[in-house]
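Please consider the structure shown below.

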Amino acid sequence: MTPAPKTYVRPMNRWWMRHPAYRRYLLREGTSVMVAAYALFLLAGMVCLVLGEAAFNLWRGFLQSPVSVIFHLAALAAFAFHAWTWFKVMPLTTPPIRFRGRSVPDRMIFRAALWAWGIASLILLVLAMRFL
Amino acid sequence: MSQTRTIMIECLRYDPEQDQAPHYRTYEVPFTDEMSVLEGLQYIKDHLDGSLTFRWSCRMAICGSCGCMVNHQPILSCQSFLRDYYPARIRVEPLEHFPIVKDLVIDQSDFLGKLESVTPYLVPAQPLTPEDGPNLQTPRQIEDYLGYAQCINCLLCYAACPQYGLNNEFTGPAALALLARYNADSRDAGQKTRMEVVNAEEGVWGCTLVGLCSEVCPKHVDPARAINRNKINSTQDYFLRFLAPFGRGS
């Protein structure tokens with residue numbers, strides 16, 4: 001049997017530098033770290049609530065601090081970007097949708113998702129302003 | 001007759017009998033507007049350096065042999081034109097994520113094994129003979145798989161996929177798109193055989209939707225869509241196994 005030819009395998013170091021699409025992908029995935037961080041922050045609030053009034057007031061006090069405001073703004077930006085990219089790839093993850101025998105175009109699914117997002121956010125905002 | 005200009009083509013060179021690692025060599029290539037990158041490489045081979053090795057065949061984006069990286073972008077060299085890169089120099093390298101055999105030639109055997117693993121042919125529900133007559137389909141049934149059936153196995157999608165580069169156990173875009181192509185065919189009854197490949201860690205779950213595979217595909221196969229739609233099937237298959245333990249799987 002002929003021996004297998006000697007081949008050269010290139011290393012993958014700094015692979016994200018090779019294409020802008022890779023950096024966009026890492027940014028998209030990276031924003032989910034912020035989503036997780038915010039979930040932990042809310043969990044901390046719940047733990048404080050269980051611990052008692054003093055602990056919960058301490059947590060609420062922290063909400064007013066500049067660090068918290070910056071954290072919230074950063075989280076909002078990360079959430080918005082993450083949601084936007086999530087809706088962008090949504091048509092790739094949904095089963096084929098047909099309407100009157102024709103496939104629904106990707107941009108329609110994307111727009112529908114954006115509208116649903118906008119309306120849901122608006123309802124939440126109205127409810128929050130009314131009851132809080 | 002269009003005007004002749006000169007472009008610098010920087011080519012990755014690797015001779016397994018002499019080199020420990022690849023190096024680059026730059027060539028000055030005269031070109032006219034209608035010349036493709038492939039024709040630039042052919043000019044080098046015919047006039048400047050006969051030892052430059054690369055694959056090509058049809059010159060019209062059908063055979064899928066001439067894929068390579070130009071400035072880190074996977075392309076078919078017959079379908080890309082030197083005029084679009086001029087006056088900048090171009091860097092031509094073999095397709096990323098595959099072992100280099102020589103210069104621009106890569107070893108495709110890993111892909112061929114994966115292609116075989118997805119049962120890339122029709123598996124009829126019952127054995128058919130020519131006497132059974134033609135296996136008819138409606139235009140709508142053809143539409144379900146026609147996009148995926150355009151794959152020419154050029155491997156640009158594998159060169160675009162960092163997940164395959166980081167872990168080549170991943171079945172990869174083209175093989176999984178072809179899997180979806182046969183699963184979507186009304187004449188096929190082989191879904192169950194292919195499900196093992198879909199469900200595996202190296203199957204559809206190896207994909208994290210970087211999405212570049214679909215962008216670089218010269219035939220608009222859209223492997224990212226094929227793979228991510230199969231994630232739904234894989235999830236259903238997983239849960240249905242609990243609901244109907246005697247009916248599916250095993």
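Predicted model: local features only at pLDDT ≥ 70, side-chain atom pairs only at ≥ 80, totals over all residues.

Arg18(A) belongs to the segment before α1 of chain A, while Glu96(B) sits in the loop between β5 (90-93) and β6 (100-102) of chain B, so the pair joins two chains. Arg18(A) and Glu96(B) are both buried.

Between chain B and chain A, the count is four salt bridges. Chain B contributes 38 residues to the contact, and chain A contributes 25 residues. The size of an interface is often expressed as the accessible area that is lost when the parts come together. Here, the area buried between chain B and chain A is about 2600 Å², with carbon and sulfur atoms giving 54% of that area. On the side of chain B, Leu209(B), Arg225(B) and Arg229(B) supply 20% of the area that this chain buries against chain A, more than any other three residues.

Over all chains, a search of the whole structure finds 19 salt bridges. Some of them lie within chain B. One of these is formed by Asp33(B) and Arg5(B), whose closest N and O atoms are 2.7 Å apart. Because Asp33(B) lies in the loop between β2 (23-31) and α1 (37-48) of chain B and Arg5(B) in strand β1 (residues 5-13) of chain B, the pair ties together parts that are 28 residues apart in sequence. Asp33(B) is partly exposed, with a relative accessible area of 31%, and Arg5(B) is likewise partly exposed, at 24%.

Strand β1 of chain B also holds Glu10(B). This residue forms a salt bridge with Arg91(B), the closest N and O atoms being 3.2 Å apart. Since Arg91(B) lies in strand β5 of chain B, the pair ties together parts that are 81 residues apart in sequence. Glu10(B) is buried, with a relative accessible area of 14%, whereas Arg91(B) is partly exposed, with a value of 26%.

The packing of helices may be taken up next, beginning with chain B. Which residues of helix α7 (residues 191-199) of chain B are buried? They are Arg194(B), Met195(B), Val197(B) and Val198(B). Seen down the axis of α7(B), these buried residues fall within an arc of 165 degrees, so they line one face of the helix. Exposed residues on the other side of α7(B) are Lys192(B), Thr193(B) and Glu196(B). The partners against which the buried residues of α7(B) pack are α2 (109-117), α6 (173-183) and α9 (223-243) of chain B.

Two packed helices are described by the angle between their axes and by the distance between the axes. Helix α1 (residues 20-51) and helix α2 (residues 53-63) of chain A pack at an angle of about 145 degrees, and their axes are 6 Å apart. In α1(A), the residues Phe41(A), Ala44(A), Gly45(A), Cys48(A), Leu49(A) and Leu51(A) meet Ala55(A), Phe56(A), Trp59(A), Phe62(A) and Leu63(A) in α2(A). By class, this contact comprises 10 nonpolar residues, one polar residue and no charged residues.

Terms used
Residues numbered from 1 in each chain as written. Chains lettered and ligands numbered in written order. Heavy atoms only, no water. Buried < 20%, exposed > 50% of the residue type's maximum accessible area, 1.4 Å probe, protein only. Helix = DSSP H or I, 4+ residues; strand = E, 2+ residues; numbered from the N terminus. Arc of directions from axis to C-beta. Contact = heavy atoms within 4.5 Å. Axes fitted to C-alpha atoms, helices over the stretch in contact; angles between N-to-C directions. Nonpolar A, V, L, I, M, F, W, Y, C, P; charged D, E, K, R; others polar. Buried area = accessible area lost by both parts, 1.4 Å probe. Salt bridge = Lys/Arg side-chain N within 4 Å of Asp/Glu carboxyl O.
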